[in-house]
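User: I would like to learn how to read the packing of helices in a protein model. Could you take me through it step by step?

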Amino acid sequence: MTIRSYEMMYVLRPDLSEDQVNEATRKYQEMLANLGASSIQSKIWGRRRLAYEIQRFQDGIYVLVHYQGDGSQTAPVERAMRLSEEVIRYITLKLDEDKAESEESEPVAVEA
């Protein structure tokens with residue numbers, strides 16, 4: 001299978017404590033690693049204003065994740081996020097091989 005680069009952004013509820021945010025970030029990193037992803041890099045962007053209200057929240061805690069994998073990691077991680085009460089929005093993008101450095105990407109899945 002072909003190894004590709006992926007970018008995942010998810011938004012956590014703004015009422016989570018710093019420990020809860022770190023725990024959620026660690027949980028999804030470990031899940032990706034257990035599913036065979038490599039080069040996993042997470043960056044917590046912090047609390048930001050949402051463009052529109054989601055589940056009665058006007059702010060959210062943004063987390064950006066870059067990883068490499070064969071694509072089989074996306075569905076299980078997104079399913080866990082969909083069932084989670086802490087994640088209010090997420091998206092995963094498959095990065096073009098030629099354009100990975102320029103951050104241009106193509107959507108793989110969008111879920112509320």
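Analyst: Two packed helices are described by the angle between their axes and the distance between the axes. In this predicted model, the axes of helix H1 (residues 18-34) and helix H2 (residues 74-83) come within 10 Å and cross at roughly 155 degrees.

User: How are H1 and H2 oriented to each other, parallel or antiparallel?

Analyst: Angles over 145 degrees count as roughly antiparallel, and H1 and H2 are therefore roughly antiparallel to each other. The crossing of these two helices, H1 and H2, is right-handed.

User: Which residues of H1 and H2 meet?

Analyst: From H1 come Tyr28, Met31 and Leu32, and they meet Pro76, Val77, Ala80 and Met81 of H2. Sorted by class, this contact of H1 with H2 has 7 nonpolar residues, with no polar and no charged ones.

User: How should I read a nonpolar core, and which residues have the most contacts inside the largest one?

Analyst: In soluble globular proteins, nonpolar side chains tend to be buried together. Here the largest nonpolar core has 18 residues, and those with the most contacts inside it are Tyr10, Leu12 and Met81. Strand S1 (4-12), H1, strand S3 (57-69), H2 and strand S4 (87-95) each supply at least two residues of this core. Apart from this core lies another, of 8 residues, among them Met9, Leu50, Tyr62 and Ile88.

User: What is Met81 in contact with, leaving aside its neighbours within four places in sequence?

Analyst: With those neighbours left aside, Met81 is in contact with Met8, Tyr10, Tyr28, Val87 and Tyr90.

How values were computed: Residues are numbered from 1 along each chain as its sequence is written. This is a predicted model: local features need pLDDT of at least 70, side-chain atom pairs count only at pLDDT 80 or more; totals for chains, interfaces and linings use all residues. Side-chain values use heavy atoms; hydrogens and water are left out. Axes are lines fitted to C-alpha atoms, for helices over the stretch in contact, and angles run from 0 to 180 degrees between N-to-C directions. Helices (H or I, at least four residues) and strands (E, at least two) are DSSP runs, numbered from the N terminus. Angles under 35 degrees count as roughly parallel, over 145 as roughly antiparallel, 65 to 115 as roughly perpendicular and the rest as oblique. A crossing is left-handed if the near helix is turned anticlockwise from the far one by less than a right angle, and right-handed if clockwise. Contact means heavy atoms within 4.5 Å. Ala, Val, Leu, Ile, Met, Phe, Trp, Tyr, Cys and Pro count as nonpolar, Asp, Glu, Lys and Arg as charged, and the others, Gly among them, as polar. A nonpolar core is a set of buried Ala, Val, Leu, Ile, Met, Phe, Trp, Tyr and Cys residues joined through side-chain atoms within 4.5 Å. Buried means under 20% relative accessible area, exposed over 50%, partly exposed in between (1.4 Å probe, protein chains only).
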